[in-house]
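Grab a pencil and work through these exercises with the model open beside you. Try each task on your own before you read its solution.

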Amino acid sequence: MKINWKHTMVVLVLTASLVIPSASFHAAADEKYTQTSVEKTYQLTDAIKVEVKGILNESTSEGTRIAATIRLFNNGDRLTGVPEYEVRVKTQEGLEYIMRPSQANAKNIQPKETVELSYMNVIDRYDNFSLTELSWLDVNEFVYPKQEERIISIPISSNEWKGEKATLANPAVTKKWEDTFTIPVLSSTLEFKPVSLNEQNTPEGPMVIVGLLVTNQGDKKTTIPDFRINGISDKKVYNGKRLEQGPLSLEYGEQTYIHYAIPARNRLEMKSLSILTPEDFAGEDKTHTNYLIGRLTITLPGAKSTIGYINQLSPYEWNKPIHFDPLYKLIRPEVDVSMVDLRLQESAGGGFKAAVAKFKLLNHSDTPMQVPQFDTKLTSYNGNSYMGTRQNTQVDTLIPNISYVIYYSFIIPSSETGEQLVMEILDGKSVAPYHITMAAFKTKVLDTKEDSTLAFYPFQATLNDWSTAANYNNGSGLPYSYKLNLDFTIKLQDEVVVDQSFSKMRLELVDAKERIMVSKVLSFTGENKLVSGAQTINFDLDRFETTVFLRMYEIIDTPFGEARRLIQTWKR
């Protein structure tokens with residue numbers, strides 16, 4: 001917003017500083033600006049103290065935008081009007097600019113109350129200059145010449161913020177990634193600690209997701225204030241946005257996470273993070289101008305992704321409850337989530353592999369619980385990540401003390417061996433479409449030979465015996481009729497239920513030339529489910545085979561088609 005009166009509000013103060021060569025006060029493009037972490041208060045009147053919250057000196061296409069945000073505290077015992085003083089800023093060369101108050105500024109201050117006031121001016125100049133003082137003056141314009149009394153002047157060099165590309169050199173406001181910090185102008189009791197820095201591909205493009213742990217160290221309930229986080233590279237500023245919507249409040253000692261999405265291609269592009277507070281100015285036409293003031297810089301060396309390095313994560317112990325961060329609420333503490341199986345399957349048409357992870361969900365409460373809708377991600381040792389596709393299920397509720405098994409499929413390259421992997425359990429609901437890691441651990445795919453009882457978990461399928469018989473047909477049709485006789489033992493290993501879209505068994509009878517003679521898909525659920533006892537498959541063929549092979553597969557559906565895993569082969 002450009003303020004129409006900007007040309008008329010410049011007061012030239014003729015001092016010796018006007019003869020200083022201009023080059024001496026032109027800031028270099030990479031100049032660092034300092035800022036104190038604790039703001040000082042000054043006595044404006046007998047009852048009112050003043051504190052400078054932020055000073056903006058920013059170059060724009062309309063000129064230089066100068067803004068000041070201050071706080072007034074009424075230390076008296078009665079309602080007090082905001083003093084009608086003229087507010088000015090002074091530049092390093094001795095020029096003074098009158099600041100215009102926001103139309104949203106308070107007119108009065110209640111006893112023991114603090115109010116924030118905003119002032120702004122846009123100056124028609126495009127060179128670099130610095131601000132040194134903020135002053136309050138009592139001006140009497142009804143006499144000639146007009147009379148001015150300077151009430152107070154506050155140094156502001158350390159408060160000045162010169163726009164989004166500015167950096168902060170003061171050690172008090174430059175933090176390392178592993179540091180815990182506060183933002184004093186917002187709250188002295190809320191502590192923030194950076195905990196995660198992850199890359200994600202989203203519908204809005206590549207994003208770097210920054211996670212902060214917030215702790216309320218005060219003695220009363222506190223709302224987490226609004227602030228921004230930008231990513232800073234050598235040449236560019238990436239404007240971040242907070243993912244959690246609406247107000248968030250913490251009781252004493254309570255903790256939570258907040259997250260920011262920064263539209264950088266990857267975290268290696270960014271050298272630091274800038275923490276900024278949003279400010280607002282309402283002009284005479286009620287138009288609002290929003291701007292940001294930098295508060296802290298966080299350097300990124302030492303920052304790791306949520307999963308960290310593979311060798312820093314704990315290996316997973318199969319069929320044991322996964323430990324989730326208790327601050328995440330997607331998975332209730334009454335629900336145990338365990339990974340019971342992770343195998344590689346081949347695509348039926350070739351071209352890819354599918355890693356299939358089976359998870360057991362157990363509701364150990366005495367009331368029904370919703371099935372948690374978590375997401376998963378698998379990361380290989382070389383850093384390639386693959387999102388899991390959840391089984392298309394129909395079950396919404398977990399019955400008390402009965403487990404429910406679902407699977408997730410991960411489409412991976414055919415070259416992937418699955419030896420060193422990281423599994424992440426993700427919350428994809430709280431800040432959708434972004435994903436937040438709730439748990440991560442090392443793992444690897446299992447070999448079918450390691451434990452054949454897990455081949456169709458939770459079902460244990462044992463083929464006790466099989467045989468084939470062939471007869472010659474004298475009538476029309478194919479000349480040979482076959483019978484494939486099977487004898488199974490099917491057991492349910494635990495008190496577990498599965499959905500009808502769960503994995504299935506495929507049987508294939510092939511000849512010595514690898515030609516399929518007959519195939520059959522058998523389900524473990526539904527009306528025609530596979531049960532213990534004898535099974536017979538009848539089929540006709542145009543040839544007589546003396547040597548045949550029986551192959552047993554586990555098959556699942558993936559978004560790219562059917563994937564299957566060979567369980568065992570028998571020969572007759």
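**Exercise 1. Where is Pro433 placed?**

Step 1: Before you start, note that this is a predicted model, where local features need pLDDT of at least 70, side-chain atom pairs count only at pLDDT 80 or more, and totals for chains, interfaces and linings use all residues. Residues are numbered from 1 along each chain as its sequence is written, and side-chain values use heavy atoms, with hydrogens and water left out.

Step 2: Find the strands on either side. Pro433 sits in the loop between β35 and β36. (Strands are DSSP runs of E with at least two residues, helices are runs of H or I with at least four, and both are numbered from the N terminus.)

Step 3: The peptide bond from Ala432 to Pro433 is cis, with omega near 10 degrees.

Step 4: Look for another case. The bond from Tyr144 to Pro145 is also cis, with omega near -10 degrees, and Pro145 is in the loop between β11 (131-140) and β12 (147-155).

**Exercise 2. Describe the overall build of the protein chain.**

Step 1: Look at the dimensions. The C-alpha trace spans about 130 × 50 × 45 Å along its principal axes.

Step 2: Compare with a globule. The radius of gyration of the chain is 35 Å, while a compact globule of 572 residues would have one near 25 Å. (The radius is taken over C-alpha atoms, and the globule rule is 2.2 Å times the number of residues to the power 0.38.)

Step 3: Check burial. Buried residues make up 49% of the 572 residues. (Buried means under 20% relative accessible area, exposed means over 50%, and partly exposed is in between, using a 1.4 Å probe and protein chains only.)

Step 4: Look at the contacts between residues at least 6 apart in sequence: 69% of them join residues at least 24 apart. (A contact means heavy atoms within 4.5 Å.)

**Exercise 3. Which residues have the most contacts inside the largest nonpolar core?**

Step 1: A nonpolar core is a set of buried Ala, Val, Leu, Ile, Met, Phe, Trp, Tyr and Cys residues joined through side-chain atoms within 4.5 Å.

Step 2: Read off the residues. The largest core has 40 residues, and those with the most contacts inside it are Ile322, Val337, Phe359, Phe374, Phe410, Met423 and Ile425.

Step 3: See which strands contribute. Those supplying at least two residues each include β27 (335-347), β28 (353-363) and β35 (421-427). The top contributor is β34, with five residues.

Step 4: Zoom in on Phe359. Setting aside residues up to four places away in sequence, its contacts include Ile322, Val337, Phe374, Met423 and Ile425.

Step 5: A second, separate core of 38 residues includes Val356, Trp466, Leu484 and Val498.

**Exercise 4. Buried or exposed: what is Asn363, and what is Pro171?**

Step 1: Take Asn363, which lies in strand β28. Asn363 counts as buried because its relative accessible area is 0%.

Step 2: List what Asn363 touches. Leaving aside neighbours within four places, its contacts include Glu334, Leu398, Pro400 and Ile402.

Step 3: Now turn to Pro171, in the loop between β14 (167-168) and β15 (174-175). Its relative accessible area is 68%, so Pro171 is exposed.

Step 4: Ser102 lies between β8 (96-101) and β9 (108-109), and Ser102 counts as buried because its relative accessibility is 4%. Not counting residues up to four places away, Ser102 touches Ser118, Phe281 and Ala282.

**Exercise 5. What is the phi of Lys112, and what is that of Glu514?**

Step 1: Recall the background: most residues other than glycine have a negative phi, and most peptide bonds are trans.

Step 2: Read Lys112. Its phi is positive, about 65 degrees. Lys112 is in the loop between β9 and β10 (114-123), and counts as exposed because its relative accessibility is 53%.

Step 3: Read Glu514. Its phi is positive too, about 70 degrees. Glu514 is in the loop between β40 (504-511) and β41 (516-522), and with a relative accessible area of 48% Glu514 is partly exposed.
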